[in-house]
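Dear colleague,

Please find below the structure that I am handing over to you. My findings follow it, arranged by region.

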Amino acid sequence: MEIIKEKAVCFTGHRPEKIMSVAGIDEPAVEMIKSMLYYQIYSAAEEGYEFFISGLARGVDMWAAEYVIDLKKKYPNMKLICAKPFEKHQSSFHGKDLWELMNVLKHADEVVTVSGEYSRNCYRLRNYYMVDNSSRLIAVVENFRSGTGQTINYARKKGIDIKMINIRDYALTENCGNNKNSGIIHFT
């Protein structure tokens, strides 16, 4: 399948345990972050984006892929492209995570394997593949010194549109969430 870059979106974000480890973040905050992710995907579909590339990592990548599968019911032109970092990527998944991965792969319109075998660079190469084939990046980020941060920086260098959801904006404080950022959504 030929991906039309101008109509393609890719995703980056942290794994669930990293999102939950942000000071004060709780399950309702995670649900709000997921809601914002869904909104960004929905908005992209409304704007005419058709190709959605997931890197298949646990957390944000998988949530995004599942949302694309759901939205395909309303937007049949949407295509889910799964970018596996290496052939046996699924070997590190277990239980519910493995079931979700296999379900996403089953519903993908195309699966691209970036590297044949695991290497230190396979995830970076997967991230670059996604950015190089997209005109928009939807990012859920807390720590810019991570693979997610590396992907955002690469997207900035390539000049693509970035829609960023900063996890710290949803972290709760001792004042039950009444911090200065509570309820404020930042998209760039």
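**Helix α1 and Lys-18**

Lys-18 is located in helix α1, which covers residues 16–20. Please note that this is a predicted model. With a relative accessible area of 25%, Lys-18 is partly exposed. Leaving aside neighbours within four places in sequence, Lys-18 is in contact with Glu-142, Asn-143 and Ser-146. Lys-18 and Val-141 are separated by 123 residues in sequence, yet their C-alpha atoms are 9.8 Å apart in space.

**The sheet**

Six strands form an open sheet in the order β4-β3-β2-β1-β5-β6, and their pairing is parallel. The edges are taken by β4 (110–115) and β6 (161–166); each has a single partner strand, so one side of each is left without a neighbour in the sheet. From one strand to the next, the twist averages 20 degrees.

Two of the pairings may be described in more detail. Three bridges link β1 and β2 in the parallel sense, and Cys-10 has Ile-53 of β2 as its bridge partner. Strand β2 (residues 51–54) is also joined to β3 by four bridges, again in parallel. There, Ile-53 stands opposite Ile-81 of β3.

How many of the eight residues of strand β3 are buried? Seven of the eight residues in this strand (residues 79–86) are buried, so β3 is largely enclosed by the rest of the structure.

**Thr-12 in strand β1**

Thr-12 belongs to strand β1, residues 8–13. Is Thr-12 buried or exposed? Its relative accessible area is 5%; because buried means under 20%, Thr-12 is classed as buried. Not counting residues up to four places away in sequence, Thr-12 touches Val-60, Asp-61, Leu-137, Ile-138, Ala-139, Val-140, Gly-147, Thr-148, Thr-151 and Ile-152.

**Helices against the sheet**

Helix α3 lies across β1, β2, β3 and β5 (136–141), and its direction is at about 145 degrees to β1. Helix α6 (residues 147–158) also packs on the sheet, where it touches β1, β5 and β6. The direction of α6 makes about 150 degrees with that of β5.

**Helix α2 with helix α3**

The axes of helix α2 (residues 27–46) and helix α3 (residues 60–71) come within 10 Å and cross at roughly 50 degrees. The two helices are therefore oblique to each other, and their crossing is right-handed. On the α2 side, the residues in contact are Val-30, Lys-34, Leu-37, Tyr-38, Ile-41 and Tyr-42. These meet Val-60, Trp-63, Ala-64, Tyr-67, Val-68, Asp-70 and Leu-71 of α3. By class, this contact of α2 with α3 has 11 nonpolar, no polar and two charged residues.

**Helix α5 with helix α6**

Helix α5 (residues 122–132) packs against α6 at an angle of about 35 degrees, with the axes 10 Å apart. The crossing of α5 and α6 is right-handed. From α5, the contact involves Arg-124, Asn-127, Tyr-128, Val-131 and Asp-132. Their partners in α6 are Gly-147, Gln-150, Thr-151, Tyr-154, Ala-155 and Lys-158. The contact of α5 with α6 divides into four nonpolar, four polar and three charged residues.

With kind regards

Notes:
Residues numbered from 1 in each chain as written. Predicted model: local features only at pLDDT ≥ 70, side-chain atom pairs only at ≥ 80, totals over all residues. Heavy atoms only, no water. Axes fitted to C-alpha atoms, helices over the stretch in contact; angles between N-to-C directions. Parallel < 35°, antiparallel > 145°, perpendicular 65-115°, else oblique. Left-handed = near helix turned anticlockwise from the far one by under 90°. Contact = heavy atoms within 4.5 Å. Nonpolar A, V, L, I, M, F, W, Y, C, P; charged D, E, K, R; others polar. Buried < 20%, exposed > 50% of the residue type's maximum accessible area, 1.4 Å probe, protein only. Pairing = 2+ DSSP bridges.
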